[in-house]
Amino acid sequence: MNHSLLNLLNRCQSLKTLKSIHAYLVISGSLTSSDLTLNKLLRLYSRFGSISCAHKLFDEIPEPNTFLWTALIHGFTEAHQYENAFSLFIDMHRDSIAPLNFTIASVFKALARLGRLKDGEVVYGFALKCGFAFDLIVQNAMIDLFMRCGAVGFARRIFDEIEERDVVSWNSMVLGYGNNGLVGIARELFDRIEKRNVISWTSIIQGYIKSGEMVEARILFEKMPAKDLAAWKVMLSGYMSVGNLIAARHLFERMPTYDVGTWNMMVSGFGKAGDLENAKVFFDQMQERNVASWVMMMDGYVKVGDMEGARCLFDQMPEKNLVAWSTVIGGYAKNGQPRSALELYKSFKKQNIKPDETFVLGIISACSQLGVLDTAESVIHDFIGPSLSSNLQLLTSLIDMYAKCGTIERAVKVFEMVDHKDLLCYSTMITAFANHGLSDNAISLFDEMQKANIKPDGVTFLGVLTACNHGGLIYEGRRFFKQMIDECGIQPLEKHYACFVDILSRAGCLEEAHSVICSMSILPSAAIWGALLAACRVYHNVLLAEVAAAELFKIEPDNSGNYVLLCSIYADAGRWNDVAKVRTMIRDNQVKKNKGSSWIELGCVVHEFVMGDDAHFDSENIYFVLDLLTKEMKLLGRRDHNSTFSNSIDESFKNKAAYEMDIVTFSSLLFAG
């Protein structure tokens with residue numbers, strides 16, 4: 001490499017300039033004339049974050065030497081492409097290229113981040129054969145690998161064998177012991193270090209933070225002769241991890257300098273604690289923000305259920321990545337706004353961004369809540385390939401989605417695909433069977449799960465109790481409820497009580513149901529009293545109906561359904577004076593009748609309707625068709641059993657008032673036509 005070209009490459013500060021130099025070398029035919037030039041190009045491409053260009057350049061070199069192999073392996077490692085780094089090292093070995101000590105060190109670093117201890121041991125044996133047994137760089141890298149993989153004893157053995165340890169050796173041991181929960185031994189080594197640097201201090205402080213000893217960590221932090229930004233950030237993250245936001249804030253205010261990561265820590269810490277007001281203060285004070293800054297702030301809004309605030313920030317973002325889209329779309333799904341999630345998904349599809357598992361799970365959750373199979377199938381077709389089809393969490397979500405979309409057969413097929421089923425997977429399938437009225441299947445699967453030595457949790461028991469409820473299996477319901485408490489030691493939650501009370505109530509065991517309610521360790525909810533009240537009408541128990549209704553009027557005084565149900569019970573008993581009293585209560589309390597809503601999916605678009613709704617873009621045509629049908633029904637005066645169209649009407653509507661409330665069926669006919 002001539003002197004001028006060397007200076008030019010040394011002064012190169014951008015990827016654009018580097019590519020220009022590379023192009024000049026290609027055109028002049030001097031690209032492969034110097035291994036030193038190629039080495040410099042490979043390292044610069046890696047430094048500027050374009051490892052793909054480095055790899056492409058490497059593939060064009062006819063016979064790369066050990067320095068060029070090492071440059072690319074190091075580049076992959078620094079770019080966090082650890083699998084590629086190890087694979088390239090294997091290729092290097094197959095080509096019989098002898099490694100450098102730096103080659104081995106880079107491979108150890110990659111394996112350490114992957115947690116591949118066995119591969120590390122094999123490479124270490126190979127390094128010993130290559131004569132690196134006493135190479136300090138290799139030994140230090142091996143200590144780091146063993147410590148990261150939890151093999152503390154092996155790391156100590158290598159450390160003890162080093163004749164002339166440097167500060168990196170000591171620091172690796174101090175950090176390793178601390179990260180493995182052995183802060184006492186870490187402190188012993190730290191005290192033996194003759195020439196400590198800032199990393200030595202930061203490593204022991206991090207060890208104390210990991211063990212939860214914040215006081216000792218702070219004492220050492222204050223004793224540090226010199227603190228760099230990394231040390232301040234370690235201490236700051238420690239306070240954030242234990243939720244001491246006051247101490248974190250005081251420390252932040254003392255910091256001599258900040259970077260965007262420091263500000264992000266403050267935003268994230270306050271956001272996770274639900275203190276959005278202070279999180280927003282730090283966010284607004286940032287002079288420079290990256291994508292993570294916006295995402296952390298949005299995530300804070302999502303966690304407290306403020307999707308309007310999250311969406312406002314999302315719309316303001318100058319640049320959106322996959323994590324940003326996933327945060328908002330997944331946030332909508334988690335906060336019960338699935339239609340908003342799918343609306344935003346339409347915009348995402350135009351971005352040409354490849355989704356990951358987290359994103360797909362958010363979309364599937366939204367589809368599950370709405371029961372819209374067409375959109376879900378579209379997502380599965382577009383995004384779920386071989387890389388995700390073996391993901392247990394994703395497969396479990398698909399089981400849930402198919403079940404909620406009404407296709408239990410497909411849910412079963414996905415369940416059968418799962419090789420290693422966990423508790424959540426079993427619980428999801430049990431709940432799916434229960435909700436589809438397949439009580440025997442749910443109970444059978446529950447027994448199968450227990451035979452597989454998987455201990456049920458509260459979610460599993462809720463599923464099997466739901467199965468008993470839907471199947472009218474009162475004896476099994478009693479057995480499972482007792483098993484949950486006595487054998488598994490699980491305290492029933494509100495949903496368990498509601499389900500069990502419903503089982504007893506539907507079977508006519510009203511006194512037993514009332515007794516269960518009175519013995520509850522938690523305050524009975526509206527769902528629990530509501531189950532009893534509904535059963536009281538079926539079994540004409542006015543006394544218990546009055547007890548249940550009185551509690552419901554306290555819990556949800558504006559719910560018209562409770563008043564109507566009590567009126568019906570009084571009317572069935574011929575107690576018309578009491579009927580009049582309840583109607584007076586409705587008027588005096590200004591209780592309004594709850595409006596029902598329904599929706600339908602057509603062409604991957606969800607149309608929602610409420611009684612008396614005129615907000616739909618095609619409402620004029622919908623009501624026009626309804627009016628025509630009303631007139632036709634009046635003229636006919638009877639149902640036409642030979643007309644498929646009339647049959648579909650008769651199934652949904654009993655009279656004009658009813659079908660005016662549910663215009664979904666007619667809208668579907670209109671859109672389909």
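Residues 259–293 form a span that is 74% helix and 0% strand, with end C-alpha atoms lying 12 Å apart, where helices (H or I, at least four residues) and strands (E, at least two) are DSSP runs numbered from the N terminus. The model is a predicted one, in which local features need pLDDT of at least 70 and side-chain atom pairs count only at pLDDT 80 or more, whereas totals for chains, interfaces and linings use all residues. Residues are numbered from 1 along each chain as its sequence is written, and side-chain values use heavy atoms, with hydrogens and water left out.

Over residues 422–456 the chain is 74% helix and 0% strand, and the end C-alpha atoms are 10 Å apart.

Ser427 lies in helix α28 (residues 423–435) and, at 3% relative accessibility, counts as buried (buried being under 20% relative accessible area, exposed over 50% and partly exposed in between, with a 1.4 Å probe and protein chains only). Setting aside residues up to four places away in sequence, Ser427 touches Asp457, Val459 and Thr460, contact meaning heavy atoms within 4.5 Å. The side chain of Ser427 also makes a polar contact of 2.7 Å with the side chain of Thr460 (a pair of N or O atoms within 3.5 Å; within protein, one must be able to donate a hydrogen and the other to accept it, and residues adjacent in sequence count only if both atoms are side-chain atoms).

Helix α37 (residues 576–588) has 13 residues, which at 1.5 Å a residue should span 18 Å, in agreement with the 18 Å between its end C-alpha atoms; the expected span is 1.5 Å times one less than the number of residues. The buried residues of α37 are Asp578, Val579 and Val582. Seen down the axis of α37, these buried residues fall within an arc of 110°, so they line one face of the helix, the arc being that of the directions from the helix axis to the C-beta atoms. The covering of the buried residues of α37 includes α36 (560–572), while the face turned away from the buried side carries the exposed residues Trp576, Asn577, Lys581, Arg583, Arg587 and Asp588. Just after α37, Gln590 takes a positive phi of about 55°.
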